[in-house]
Amino acid sequence: MRTSDFDYDLPEERIAQEPAAERDACKMLVMDRATGALEDRIFRDIYDYLEPGDLLVANETRVMPARLLGAKRGTGGAAEVFLLRESFGHGEASNTTAFWEVLVRPGKRLKPGAAVEFRDAAGNVALTAEIVDWVENAEKGERLARLATESYSTLDEAMHAVGHTPLPPYIKNYAGDEELYQTVFSTREKSAAAPTAGLHFTPELIARLKEKGVDWETVELEVGLDTFRIVDEEDPEKHRIHTEYYTVPQRVVDAIARTKECGGRVVAVGTTSVRSLESAWDAQAGELKARDREATSLYILPGYEFHVVDALVTNFHVPRSTLMMLVSAFSTRENIMAAYEHAIADEYRMLSFGDAMFIV
């Protein structure tokens, strides 16, 4: 197995630069997991493929306004701070101050001791980020920053006053509604990227599925920026996958148990839901267990035995990525590559704002 086995030719014009006009009217490529047989449908047709007693499990995380554009204190030079995750144990935190792991630009000018100011629409300094230290064992030069506000009652208010929803690097110049990069069922802002398979669902479609007897539950996985990262090593087993935090509530464990007992299918909405559910599997006990914000670095490669997930709603993924490896593990590399070749030839829209795939 080589990383090049999961590469494919992705024409730039096939990369979706904006969301579908209607979330559930995008194309959906339905693939039989075992045979590789394909059907071209639209997403709302998923209604026809789901049966009463099936269970959809989606990732309810919401994307943070993580991209902060400001100016370095003292020089006024343009600076960017990208919020990754809150970090604890470094000092006193409050409603108006906290420590975060961040990425910065320009990196050479934002060393410990530097500070960046971010102004709101009225021109007032709404938020400051003081670079405190380097993050130990960081791969991308991450910094530890102390965020503080004096103009707003909470950091959350300040972040929303100056922050922007980050989009994947392959989406250029999108100026539309940032809310379209959020799922309609998203809740707490914990992620640096959207769980994009969920973007295709509408409240009306979810309601119709529930009326049919299809159950709906949510887990939470805090999606990191490394979700866009391609694997550099030619041997994929040498790749170091990123760590993310996930939560699988007891109610989801109970719902899955009921589904399995009644002969229904557990349908994961997105690879982040797959990683959450499969990470929660206790191999020694031979059962799924509830988890509360535990770390996972589960790396799913072909040969992996799935314990929880029976079907998968997903998008089309970046070549040479761990996500290509995951979907190949769920079916076969040959089936996935044939499906992608079909999708490109049939002018499917690819990647985060693109069309859907349903592996059954």
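Reply: Start with arginine 293, whose charged end sits over the ring of tyrosine 245, 4.3 Å from the ring's centre. There's another arginine placed like this: arginine 208 lies over the face of tyrosine 47, at 4.1 Å from the ring centre. Keep in mind that you're looking at a predicted model.

Now for rings meeting rings. Searching the whole structure turns up 11 aromatic pairs. One of them joins tyrosine 8 and tyrosine 340: the ring centres are 5.0 Å apart and the planes stand at 75 degrees, so this pair is edge-to-face. Tyrosine 8 has 12% relative accessibility, so it counts as buried. Tyrosine 340 counts as buried too, because its value is 1%.

Another pair to find is phenylalanine 306 with phenylalanine 330. Their centres are 5.1 Å apart with planes at 85 degrees, so again we call it edge-to-face. Phenylalanine 306 lies in the loop between S18 and S19, and phenylalanine 330 lies in helix H6 (residues 322-330), so the pair ties together parts 24 residues apart in sequence. Both of these phenylalanines are buried. Going back to the tyrosines, ring pairs also link Tyr8, Tyr340, Phe316 and Tyr348 into a cluster.

On to the sheet. It's an open one of nine strands with mixed pairing, and the order goes S2-S1-S20-S19-S15-S3-S13-S14-S18. At the edges you'll find strand S2 (38-42) and strand S18 (291-296), each pairing on one side only. Neighbouring strands are turned by 25 degrees against each other on average, ignoring direction.

Zoom in on strand S3 (residues 55-59) and strand S15 (residues 266-269): these two pair in the parallel sense over four bridges. Within that pairing, leucine 55 stands opposite valine 266 in S15.

Two helices lie across this part as well. Helix H4 (residues 250-261) lies across S3, S15, strand S13 (215-221) and strand S14 (244-248), running at about 135 degrees to S13. Helix H5 (residues 271-279) lies across S3, S13, S14, S15, S18 and strand S19 (311-315), and it runs at about 85 degrees to S13.

Note on methods:
Residues numbered from 1 in each chain as written. Predicted model: local features only at pLDDT ≥ 70, side-chain atom pairs only at ≥ 80, totals over all residues. Heavy atoms only, no water. Pairing = 2+ DSSP bridges. Axes fitted to C-alpha atoms, helices over the stretch in contact; angles between N-to-C directions. Contact = heavy atoms within 4.5 Å. Phe/Tyr/Trp six-rings, centres within 6.5 Å; stacked < 30°, edge-to-face > 60°. Buried < 20%, exposed > 50% of the residue type's maximum accessible area, 1.4 Å probe, protein only. Lys NZ or Arg CZ within 6 Å of the ring centre and 35° of its normal.
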